[in-house]
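Try each task yourself before reading on.

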Amino acid sequence: MEQHSLLSSLQLTLPEGQGAPDYPPAEQVLPQFLQLFASVGSQQASSKAKRGMVRDLFAILEVVDCQWLLGGYQGNSTLIVVRDLVVALSTYAALPQQEHDGGEFSSKDPSYATAADRAADVSLIFQSILVKVEAAKRSEELGCKAVGSFLRQVAGPMYIFAVTHATEKPWSRPRTQSLAQELLEGLLHVWDCQSVPEFLRGAAEDDEGWFAVVMQSLKPELTKETWQRNPATKHVFSRTLQQVTRPWLGQHLEKVLPPSLLLSDDYRVENKILGVQCLHHIIRNVPGADLCQFNRAQVVHHALSNHLYSKEAQLMQVVLPCLLDLLPVLERAPGRPSRQPPSAVPSDKVLRLVLTHMEPEHQLALRRVYAKNLPAFVERLGIQIARHLKRLQRVIVGYLEVYDGPEETARLAMLETLKRTIQHAWPRMTCRLAVLLQALLRLMWDTVTDRSLTPEPVTAALLQGATECLLLLDRCSHGQVKVLLQGVQHSCQDDRLKECLRKVEEEPVESFIPTEPKREY
């Protein structure tokens, strides 16, 4: 039998004979390995020595059986040794530490390549350990009880290691990604889980999954002083959080809310976006009563409101939907007065601020984001949108006047906003009829005379949306639109525009009976 250099370094001798049982017991090998591994320095020569030790350990694990690894474990001390081994190897393959205020390394940085090579070696060791654990499940001497105790020590660090390297990131390499994905699948297989969400939350509502264990392992890396040092920590946290949904997430609220707020409060836009996405997932998957306890919802609202002053379109795209889902929670909070002045209602305050920013905004990307989310705000307020009609009218008219590129995202969204506003606040539309009619006719004329690269489906959608707005205005004004449009159709030369106007003129005059749109909470 070959005597591995690792065993020679550990000053352990092999008895005469053949077969895996001739190796010194694991309770002797692993503690001495950890001691020797920790004593090796970080210089280049020491790094090669460590890599040789890791590969020798893998060679040993490949030939021993589950009895060698798990058979001698009769107490917590030996299980802790294995946990320390997993943690030590994860640390060995960890990504390079970053400065608190420094940016992330480039994907071509040599330190990432070194970390990827180390991660590949460690992945093989972890997979070999899981193979032994799977075999132990079928062993009469060990059984599922020993496996459960074993996994409780290593599942958290192994999962974090696998998720760190399983997705495409600047530090990942194809081989490392493949091995890490195999490791994650092996971890699920050992615990008889079909998916990562099932592994984290449990198969049934009353099952205890591994989410709490994983979060406990991540906790030291998610403090205000440490989370920026490892570039993978925020991604592991975010991906893990997204896998756990209602009703499982509520019991872990105290573990996931502080890191999400920490990410959201960072000065880097990409971290802010990640933090807001985490907050949005929490809002959608935690009961409102839990969010309102200890003023948590108010804290989240304050954090999100600060982002409304940003000029980053990508950030605003995640902030506005998140706020829209949070507003119902705030307004149904226990102890909140049933009647409040508009200045104190969160929905009114947020919409007022959004409209204030929308009116002078000139960045097309940010205008599109604002416009796409405005219909949902109108739907959220319902009839109370009447409080904001003066400013909302200016925004709608101003956005309908500006060409928005071939996709016309802002204009289409503004037409949808106008339709919903008419449906909710129809008694207030008659006094605004002239201004809105002029804006809609100008839009229709610009659309049919447009010689740009606007696709035909977009042109048709603009004309259809404007026509629907004219029909709604005509109904709520009891036919006044028809009176104002008299003679316009005959002076129009474009067939498409004439067809739209004909639809309005031929529509029978009816009293406007609003249909309350379905509101989502």
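**Exercise 1.** Work out how far apart Glu 416 and Lys 419 sit along helix H20, and say what joins their side chains.

*Solution.* Start with the helix: H20 covers residues 409–424, and Glu 416 and Lys 419 are three residues apart in it, so about one helical turn separates them. In this predicted model, their side chains meet in a salt bridge, with N to O at 3.3 Å. Next, check accessibility. Glu 416 is partly exposed at 26% relative accessible area. Lys 419 comes out at 16%, which counts as buried because the cut-off is under 20%.

**Exercise 2.** Find which other glutamate Lys 419 pairs with, and decide whether that partner is buried, partly exposed or exposed.

*Solution.* The partner is Glu 468, with the closest N and O atoms 2.6 Å apart. This pair links distant parts of the chain: Lys 419 belongs to helix H20 and Glu 468 to helix H22 (residues 456–476), 49 residues apart. Glu 468 has a relative accessible area of 27%, so it's partly exposed.

**Exercise 3.** Take Arg 502 and Glu 506 in helix H25 and describe their spacing, their contact and the accessibility of Arg 502 and Glu 506.

*Solution.* Helix H25 spans residues 495–506, and the two are four residues apart in it, so again it's about one helical turn. Arg 502 is partly exposed at 28%, while Glu 506 reaches 53% and counts as exposed. Elsewhere, salt bridges with shared partners join Glu 379, Glu 416, Lys 419, Arg 420 and Glu 468 into one network.

Technical notes:
Residues are numbered from 1 along each chain as its sequence is written. This is a predicted model: local features need pLDDT of at least 70, side-chain atom pairs count only at pLDDT 80 or more; totals for chains, interfaces and linings use all residues. Side-chain values use heavy atoms; hydrogens and water are left out. A salt bridge is a side-chain nitrogen of Lys or Arg within 4 Å of a carboxyl oxygen of Asp or Glu. Buried means under 20% relative accessible area, exposed over 50%, partly exposed in between (1.4 Å probe, protein chains only).
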